Amino acid sequence: MSSVIIPEYEVTHSRPNAFNKSYERKGELKHATHYCPGCGHGNVHKMLAEAIDQLGIQDRTILISPVGCSVFAYYYFDVGNVQAAHGRAPAVATAMKRSRPESILISYQGDGDLTAIGAAEILHAANRGENITVIFVNNGIYSMTGGQVAPTTLVGQKSTTTPNGRSIENEGYPMRVCELLATLEAPVYIERVGLGDNKQIAQATRAIKRAVENQSKGLGFSLVEVLSPCPTIWKMSAVDAQHWVRGVMEKTYPLGVYCDKTKDAHPRTPHAPAPPLSELRKIMGITSEEISAPEVKQEIAADKKKVDLHVRVAGFGGQGVLLLGEILAEAGLDAGMQVSWLPSYGPEMRSGTSNCHVRISSESIDSPLVALPDVLIAMNEPSLRKFDASVRPGGWVLYNGDTFPGDCERKDVNVLALPFTNIALEIGDARAANMVMLGALLEIADALPQASIDAALNRLVKSKKWIELDERALQMGRELYHEACVGV
Amino acid sequence: MDATAVKHDRGKMCVDENECKGCGLCMEACPPKVIAMSDHLNHYGYKTAEYCGEGCTGCGICFMVCPEPGAITVMRLKAKAAAAVSGSGLEGANA
Ligand SMILES: Cc1ncc(C[n+]2csc(CCOP(=O)(O)OP(=O)(O)O)c2C)c(N)n1
Ligand code: SF4
Ligand code: SF4
Ligand code: SF4
């Protein structure tokens, strides 16, 4: 670090405080950014850091970095940092702003990120007038991935995917984001600036500060588009790239203020905080008297044995596959466990296959996907064939059918194969087969109290007649499991 | 050194050679053209910019055009010392 102290002089311009003093990057690279020499991202970072310093908001700023060359912005800014999925920065900023209204949310995005994959996110964030600041760095190309065409690429400009130059017939016209968003009513401030020369850079510095300041005043949605050099992909020297911004790029993207309602804008009322969990049932219209409010029974999970159950349920639409999984998960929830229920069904509503993943655990759940089920409930043969091989060695297959197909047999799993549909028919309705199978599963898993099953049934099954039938079906399933085990 | 005895420039700039990547934007931007490229290669193999030693006005333009967070530091003559220097105001000031 250069800290030359000369008594007659005072430092007027130096590394802004909003930057980290050194970067947690690879060993050798603690001082240098990962940007190429002359990259505009560096300038924009600096302007943003200066604005954060000048507005005194470093402690409450959260920067959302995108996918693209600026993906590593979090190495440099000493503020809160979240790195969003490609194009989703405005959605992440929206959520964070609404849940932390006192924070200053900056959505930092490239042109591929913002105008291609993230086109919907930015449009709707602007249309909602979210009180966030969007810094949109337009270098007219997908840089990080090596120079593919972007919606912003100039007509005639060559890229790896438009080797003969962008043509309007093939790729359409360069997308003018400021003009487009300025047609919306909600945004308060939209300006396009450039990094084409000293004057433009000074104006860009002012615009970025304003866009952040607007948010700190609560005024609403502000966006600054910065025409920014990418010397590497443009295959130019840094100085030529700067000139190209001013001489060429600017013709397609005129600089200027496209919307400024800041004078008349009133501070927006922050969104109300989310309602407490205890009110959720009322809000969702779950009113039945007999259901007591679900308490979070942490202690139960704590002193109970460790549970980590992975279940896959599969069958045809109409067999109650999803409901089976839902009741299982709901019961787990009632018992104070962590649960996940992930339905997965084909496009056909009828006669299509459907399946769901259920996890019940005494610890937090890392992924709702069940790749290696402890128990597979296969309600028909196609489902068995599809998932049989995935069952964890030592696990269980519950199969709805008279005979277990010989070619599906495995030595390392337990099988309970019974005509569950017929059994359900005998006790009242073939459609209760799912509950007979659930009954058997509950015995195998031995993790959930009957009271939690009852609570789940009451919550998810609306008719009394069906609750009663399902209770009988569950009991039948439990008994069938024990009979089968004795028989073994 | 005695401030009254020496003629001070209004500004000074210095380049941290660990951070400079030699893009040359500061040289292009500096109004009085008092920045040059050194022949020396830094740790990363970049040539780096360096101050010519005199003529800086302290305008800060090089700082804002430089893409690197802390490569450039600009200083200005303190008001007291400036009073001792004859001459016009801070032309091109951009702070
Ligand atoms: C969902 C997803 N799709 C595609 C990619 C590949 N990808 C990485 S960066 C990028 C384009 C970035 O371009 P831009 O937003 O213009 O940023 P720049 O690199 O130019 O700063 C793409 C398509 C990805 N990482 N994730
Ligand atoms: S490829 Fe372009 S945008 Fe990416 S760091 Fe290099 S100059 Fe910057
Ligand atoms: S502060 Fe101004 S005059 Fe001094 S070196 Fe930088 S650009 Fe040149
Ligand atoms: S602008 Fe910055 S990085 Fe580029 S040559 Fe000058 S000091 Fe070095």
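This is a predicted model: local features need pLDDT of at least 70, side-chain atom pairs count only at pLDDT 80 or more; totals for chains, interfaces and linings use all residues.
Met96(A) is in contact with Ile62(A), Ile64(A), Val82(A) and Leu105(A), once its neighbours within four places in sequence are set aside. The residue belongs to helix 3 of chain A, which spans residues 89-99. Chain B and chain A bury about 3500 Å² between them, and 16 residues surround ligand 1.

**Met96(A) and helix 3 of chain A**
- Met96(A) and Tyr75(A) are separated by 21 residues in sequence, and their C-alpha atoms are 20 Å apart in space.
- Helix 3 of chain A, which holds Met96(A), is also one boundary of the loop in which Arg88(A) is found; the other boundary of that loop is strand 3 (80-83).

**Salt bridges**
- Over all chains, the count of salt bridges comes to 22.
- Within chain A, Glu121(A) and Arg88(A) form a salt bridge through their side chains, with an N to O distance of 3.4 Å.
- Across the interface of chain B and chain A, one salt bridge is found.
- Its partners are Arg15(A) and Glu19(B), whose closest N and O atoms are 2.1 Å apart.

**Interface of chain B and chain A: extent and composition**
- Each chain contributes to the contact: 41 residues come from chain B and 41 residues from chain A.
- Of the area of about 3500 Å² buried between the chains, 59% lies on carbon and sulfur atoms.
- On the chain B side, Phe63(B), Met64(B) and Pro69(B) lose the most area to chain A, and together they account for 18% of what that side buries.
- There are 17 residue pairs in polar contact between chain B and chain A, both residues being at pLDDT 80 or more.
- Strand 1 (11-15), helix 1 (25-29), helix 2 (61-65) and strand 4 (72-77) of chain B each supply at least two residues of the side that touches chain A.
- Strand 4 of chain B gives the most to this side, with six residues.
- By residue class, the side of chain B that touches chain A comprises 22 nonpolar, nine polar and ten charged residues.

**Strand pairing between the chains**
- Strand 1 of chain A (residues 9-13) runs antiparallel to strand 4 of chain B, and four bridges join the two.
- Within this arrangement, Glu10(A) stands opposite Arg76(B), a residue of strand 4 of chain B.

**Surroundings of ligand 1**
- The closest of the residues around ligand 1 are His41(A), Cys69(A), Gly112(A), Asp113(A) and Met144(A).
- The side chain of His41(A) has an N or O atom 2.8 Å from an oxygen atom of ligand 1.
- For the side chain of Asp111(A), the corresponding distance from an N or O atom to an oxygen atom of ligand 1 is 3.0 Å.
- Ile141(A) approaches through its backbone, where an N or O atom lies 3.0 Å from an oxygen atom of ligand 1.

Technical notes: Residues are numbered from 1 along each chain as its sequence is written. Chains are lettered from A and ligands numbered from 1 in the order in which they are written. Side-chain values use heavy atoms; hydrogens and water are left out. Contact means heavy atoms within 4.5 Å. Buried area is the accessible area (1.4 Å probe) that two parts lose on being put together, summed over both. A salt bridge is a side-chain nitrogen of Lys or Arg within 4 Å of a carboxyl oxygen of Asp or Glu. A polar contact is a pair of N or O atoms within 3.5 Å; within protein, one must be able to donate a hydrogen and the other to accept it, and residues adjacent in sequence count only if both atoms are side-chain atoms. Ala, Val, Leu, Ile, Met, Phe, Trp, Tyr, Cys and Pro count as nonpolar, Asp, Glu, Lys and Arg as charged, and the others, Gly among them, as polar. Two strands pair if DSSP finds at least two bridges between them. A residue is near a molecule or strand if one of its heavy atoms lies within 4 Å of it.
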